[in-house]
There are 4 protein chains.
Amino acid sequence: MRFDSDYMEGCHPAILERMAAMNLEKTTGYGQDEICGSAAGRIRSAMELPDAEIFFLTGGTQANAAVIAAMLRNYEGVIAAESGHIAVHEAGAVEAAGHKVLTLPQHDGKLCAEALERYLKSFFADETCGHMVQPGMVYLSHPTETGTLYSLEELKAIRSVCDAYGLILYVDGARLGYGLAAEGTDVTLPFLAGLCDAFYIGGTKVGALFGEAVVFTGRRPVPHFFTTVKQRGALLAKGWLLGLQFDTLFTDNLYLKIAGNAIRQAMRLKRGLLELGFSLYADSPTNQQFVILENRLVSRLAEQVSFNVWEKTDERHTAIRLVTSWATTAEQVDSLLLLLSELKGL
Amino acid sequence: MRFDSDYMEGCHPAILERMAAMNLEKTTGYGQDEICGSAAGRIRSAMELPDAEIFFLTGGTQANAAVIAAMLRNYEGVIAAESGHIAVHEAGAVEAAGHKVLTLPQHDGKLCAEALERYLKSFFADETCGHMVQPGMVYLSHPTETGTLYSLEELKAIRSVCDAYGLILYVDGARLGYGLAAEGTDVTLPFLAGLCDAFYIGGTKVGALFGEAVVFTGRRPVPHFFTTVKQRGALLAKGWLLGLQFDTLFTDNLYLKIAGNAIRQAMRLKRGLLELGFSLYADSPTNQQFVILENRLVSRLAEQVSFNVWEKTDERHTAIRLVTSWATTAEQVDSLLLLLSELKGL
Amino acid sequence: MRFDSDYMEGCHPAILERMAAMNLEKTTGYGQDEICGSAAGRIRSAMELPDAEIFFLTGGTQANAAVIAAMLRNYEGVIAAESGHIAVHEAGAVEAAGHKVLTLPQHDGKLCAEALERYLKSFFADETCGHMVQPGMVYLSHPTETGTLYSLEELKAIRSVCDAYGLILYVDGARLGYGLAAEGTDVTLPFLAGLCDAFYIGGTKVGALFGEAVVFTGRRPVPHFFTTVKQRGALLAKGWLLGLQFDTLFTDNLYLKIAGNAIRQAMRLKRGLLELGFSLYADSPTNQQFVILENRLVSRLAEQVSFNVWEKTDERHTAIRLVTSWATTAEQVDSLLLLLSELKGL
Amino acid sequence: MRFDSDYMEGCHPAILERMAAMNLEKTTGYGQDEICGSAAGRIRSAMELPDAEIFFLTGGTQANAAVIAAMLRNYEGVIAAESGHIAVHEAGAVEAAGHKVLTLPQHDGKLCAEALERYLKSFFADETCGHMVQPGMVYLSHPTETGTLYSLEELKAIRSVCDAYGLILYVDGARLGYGLAAEGTDVTLPFLAGLCDAFYIGGTKVGALFGEAVVFTGRRPVPHFFTTVKQRGALLAKGWLLGLQFDTLFTDNLYLKIAGNAIRQAMRLKRGLLELGFSLYADSPTNQQFVILENRLVSRLAEQVSFNVWEKTDERHTAIRLVTSWATTAEQVDSLLLLLSELKGL
C-alpha cells in the first residue's frame, strides 16, 4: 500500500491511448504544433480568459523558477510562506536565478493579507530599505503544502495588498485540480485567472505523466518567455507530448472529474481516521491528509504502507502525511483504514 | 514529407507498450526506483564502466547546463567550437548559470587539439590572464552540429591537451547513437566512457519520447548532483519514465539497432543526392545531411517538404539540412529523391 | 552631533599623510605592488599565521559575496543568524551569486553551537534533504549586528560543529578591531585566524578610508580568488591604496590602539546612559550602544543628534543605536550625555 | 620609466588636499551627502542634461556589470566588439550576472553600424532566433581598447540602428576624458549624454584616486539602481570620497584640462616614434600609443622601461603599448624617446 504522494502512478489511460495513436506522426517541435494550440485554447476557455498566454513545461520547480526569473528584476525578491515549496524544497532554484525568497510566517500553510501588509508597511518605513532586496512578487500555493485552501475573500485581500504595493501575484498550482475540486471551496479557475498575474495548472500530480501549464493572465507583459524557457532547459523538444496531455485533461472537464475522485477518497480516509479516534494534524479539504499517530504505530504502519513522516508533534507522537490521487481506489482506502484499525487494537 | 529534425516522431513502440503496462503501478519518485536502477546497470555494462554514475534528465540543454554548473567553479568557463550548441542555440543557459562560453573556430564542426593547445598556451602566456575567465572544461559534440564525427585519434589528442592543462572533457551526445552507428567510425561507447569526465547519451533524438542519460565516468567527483538537478528544475517527479525508456533502449542493443536505420536511410539519401548531381555542403557520415541547392529549387522544395535552411553559400545557392531518424522509412527517402529529381528537371 | 555610524569620518591622519607622500609615484596595479606585500606580511605576523593568503577589497558586502561565491559549490548555502548582515542588509548579494542564506534564530545577535547542531542533525535526518540547499558554510559576525561578542568557548563549539558536518567557518569582521579591543574578551586575532577557514579584517569602520582585508587561513584551498575578485568588480586598479592603509594600521599596533579609543568612549557613553537611568536594549561591550528611550525623547533628541532608530520596544518606547568610532572624542560623548540629561529633565 | 598604464599615479593634488581638509568631518554615508549632490550637479551642467541620474562607483568592471545587470532582462545579452573590455578582461563579470556577451568583429577597435545592422537583420531572420540570447544592448568604449575614437557620425549611425531594433546604447568611458580632450574629435560630453541610454565617466584613469560616474540619461527608467549597486558590492560606505573627487574634477574644467596634458604628451611621443622611423600598430589620437618594434629592441627596452606587450605582429616584430596619463611630464617622454633612439642605434 502506497500513500506517499500523488505522482506515483503514470497518467489517465486516455492520454496514453492518444499518445500511442499519434506516436509515429511527424510533429513540429517545441510546442509550436497544433495540439499545443488546441490545448491552450481549451484552457483559455476553461479560464474564460481568451487572451491569456500559455506555456507547457515539464515540472513544477522549473515552472516556478522560470516564471520568477522572467517576471522579477535583478533587485527584487519573492515573498512566500516559510513553508512554501520555493522556500524549502526546490534546492535553491530561485536563488540560483539570483533572487531571494523573503519568508513570512504561515498559518495553516497560508500567507495572510494582514501579515503581508504589515511586513510591507514596515519594510518601506525602514530608512535602510534601499539596502535590502525589494519585494517584487507574492508567491502562494493553492492548495498549500499542508493541503489547505485559500478562500475567495482571502485571495481578494491579498490581491488588494499586491495592488497597493505594486507586487506581482503568482500562484503555484501543482495540485490546483485538487483545490478546485474540493468540497465547499469558492475559488474557481476563472476567478483565479482573473486574480493573478501568473499561475500554473499542475498536470504531473493530477492525471498527466508530467507537465504544468504556465498561464500569464495579461496583467503584465512577459516578453520572450519562450527564450526564458529554453534558457532554463525547460523547453521540451517534443512539446506536443505536453499539449496532448493538457488537451485531453481539458476535454469534457476530465481534469476536474479525476481530481474529484482523489477528493472523495481523501474525505473517506479523513472520516475513517476520525472514526478510529485519531487526531488530525491539519484539517485539509484536499487530497493530502495529515494524521497524528503514536510513534509505535507509525513504525508498525511503515512495515506495510509507504507514507511521509511529517513532523514530531511531541515525544510520543508523530504526524504523517497520507496522499490520495486521481487514481486511488476505494479499496485502497478501505485496506488502509482496516490496517490502521488492526494496528491500533494491538 | 518532413525531414527537418530527428525529434519529430514519438518513441520506439516497445517503449510505449511498456509504459502502458506499468502505467497504474505505484512507483517511487525522482529516479529512485528499480527501473532507473536497471537502466543505469545496462548502460554501465554497455560502457564497460561498472562504477559510472548515471542520472536521467529530460532534455539536452538542461543536461549541458546542469553538468557545466556542477563541474565548473565560479571563475571558470567552457571552451566550445563557435558553432557548438551551447554557444548558440541554448539561449544563454550556460551564461545564466554564471559561466562564459569561450569559443574557438570550428573545422567541419569540430574543435581540433592543435588549435586548442595553441589557445591555451597563448592564454597562460598572457600576463593579464588572471583578469580573464579561466578555461575549465572542453565541450565537444559527437556527432557535431553538422553531423561530422571525431576519430578516436582526434579525441585522444584532445584528451591529452585537457590532461596537460587540467581541463574537464565533456561530450554532448544528443545524437550519440547516430555517431556510434555510423559506418567506419572507430569511436565506441566504452572508448568514449573511458575518455571523458562526463558525457550524455541522447534519447530524445534516438528513439525515446524524451530523455538524456548523463554519465559521470569517475575521473572527477561530482558531489550532490541530485540536488543540482533539482535546483535546475530538471528532476522529473516520475523519473521511472526516463528509466523505462533507457532500460528499453539498452536491452538487446536496441539503441544502436534503431540508430543504424537512420544511418542507412541517410546514406541512401546522400548517394541519391550525389547521383542527382547535387553538391554536399558537408560530408556527414551520420543522420544529418547537408546539400547545396539553387535558391529556386529550395523554394519549390519547400512547398512540399519541410527541412532546415542552413546557410546561403553564394548569391544563387543555399545549403539545406535534411535529417533522417530511427523511424525514417526507405519509402520516405525514395519519395524525397523522386521529388528532387522532378524539381531539378523542370 | 552625529552618532549614527562608525564610517562617518575619513581615516587616521597617518594614512592620509602617507598617501600624499606616495601620490605621484608610479605603482604597479591590482595589488601586485610592494606596499600590499608589506601589509600582507604585517597582517600575517599579527595573526601568527605565516602562510595565510590575504586580499584587499574595498567593502564588506563585496568581501562577503566574493568569499561566499568562491568557497561554496552551486548546491550549497550559507547558514547565518536571521539578523546577520548577509541575510538582511546586503540587498541579496549572496542570492545574486546563486546561493541561499539559511537563517537560524539569533540570541544576542549570535548563532549558538547547540542550535546549529540541532538544525544540521534535523536537516540530514530529513529524507527529502537532497531536495534542499545543502548547508556549506557558517557565517558569523564578530562583533555582531548588535555589538555583542562571541567568547572563545562559543567559537570553539561552533568550530566543532562545523568540523563534524564538513562546513566552512567564515567570520565577517567589519568591526573586528572593536571586537578585539573590547574589555574582557578572550578572542584574539591569532585565535580567530587559527579557527576560521576565512574571515575579513574590517578597515572601513576602523580607521581606513575604505578597505577590508580578506584572509584565507589555509584550511581549504581557494584557487584563483584574484579572478573571482576581478569578476565581482572588487579589484581596485590602484590596489596600493588598500595596501597602504592596512600597512599603516598594522604598524605599531595602530589598528588596536585606535579601536581602543572607540571602546573607551563607548563604555563612557554606556555608563553615562545607565547613570541617567536609561535601560539598555542590548548589553554591548563594543562601540555600538543600544538604549531604550521614550518616543517623545527620541523625537527631541533627533532634532540635535543623528543616530539610528533600531526597533520599537513597546508602544511608548524605542531602542536607538549610538555608535562611537576610532575618532570619537570624549567631548562628543560628554555633549551627548549632557543633552540627554537636559532632555530627560524636561 | 613606466609607461604601462594610466592608473599608476594617485590623483590630482587638489583632490588630496580637499580630502585632508574634510577628513574628520562627519559625513552621511552611501553617497547621500552634499558633496555627492554637488558633484552630480556639476556633471549634469557639463553634460547639459539637467535630469540625468548619476551614481558614483569605485571601478570600471563594477560599473559595467552593474549597469548591464540593471538594464538587461534575463533573456538578453550585450553586443560588444570582440576586443571589448567586457568581452575579454573582466573575468566574466557579465556572464556571472547571467548575461551573454555577443561579440562582433572590431575594426580599429570599434564596432561599425553597418556590421551591427547586418548582424541584427540576420539574427531576426533566423527561424531559430527564439532559441538564442536576444540582443538587448550595444556596448561601446570611447576611446576603445586601442585608443581609437568614434566620430560623431559613426555614433549617430549606431544610435539609429539601436533605435530601429529597440536596443540600449551604453558607452564605457573608462578613458572618456582622453577621448574628449583629443585633437580633432567632434564628440563632446553633451553630445554623448544626448546619445546614450547610459554611460560612465572614468575617474580612475583620469585624475581620481578611483571612481567612475555612471550616468543614466533618462531615455529609459532604471529603477532601484541604488539597490543594484549595493547588491553588487559596489556601494562605497564613504561615498563622499567619490563625490569629492568628481566635484573637484568637474570644477573649472579640471577633468578636461588634465586629460589634455596626457594627450599632448602622447602626441609628442607619437611624433617622436615616427621621427625615429618606427611604425605604429594603431593610429591612436589618445593617450595610448602602439608602436611596432623589433623583438630584440623590445627585450632591451624592457630592461629599463615598463610597458605592455600587445601582440606579435610577425616572427621578428612585436607591438607594444605605451601609455601617458594626466600626470606624465614632458621630461618622461623625452627620456623614453632618447632611450629608444640609443637602443635603436645599437
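**View 1. Helix H13 against the sheet of chain B.** In this predicted model, helix H13 (residues 295–302) of chain B lies across strand S9 (288–294), S10 and S11 of chain B, running at about 120° to S9(B). Helices (H or I, at least four residues) and strands (E, at least two) are DSSP runs, numbered from the N terminus, and angles run from 0 to 180 degrees between the N-to-C directions of axes fitted to C-alpha atoms, for helices over the stretch in contact. Residues are numbered from 1 along each chain as its sequence is written. Local features need pLDDT of at least 70 and side-chain atom pairs count only at pLDDT 80 or more, whereas totals for chains, interfaces and linings use all residues.

**View 2. The open sheet of chain B.** Four strands in the order S8-S9-S11-S10 (chain B) form this sheet with antiparallel pairing, where two strands pair if DSSP finds at least two bridges between them. Strand S8 (279–282) and strand S10 (308–312) of chain B are the edge strands. S10(B) and strand S11 (residues 317–323) of chain B are joined in the antiparallel sense over four bridges, and Lys312(B) stands opposite Thr318(B) in S11(B).

**View 3. Chain D facing chain C.** Here 41 residues of chain D are in contact with 41 residues of chain C, contact being C-beta atoms, placed from the backbone, within 7 Å. H1(D) gives the most to the side of chain D that touches chain C, with five residues.

**View 4. Chain C facing chain B.** In this view, 14 residues of chain C are in contact with 14 residues of chain B. H10(C) gives the most to the side of chain C that touches chain B, with five residues.

Technical notes. Chains lettered and ligands numbered in written order. Contact = placed C-beta atoms within 7 Å.
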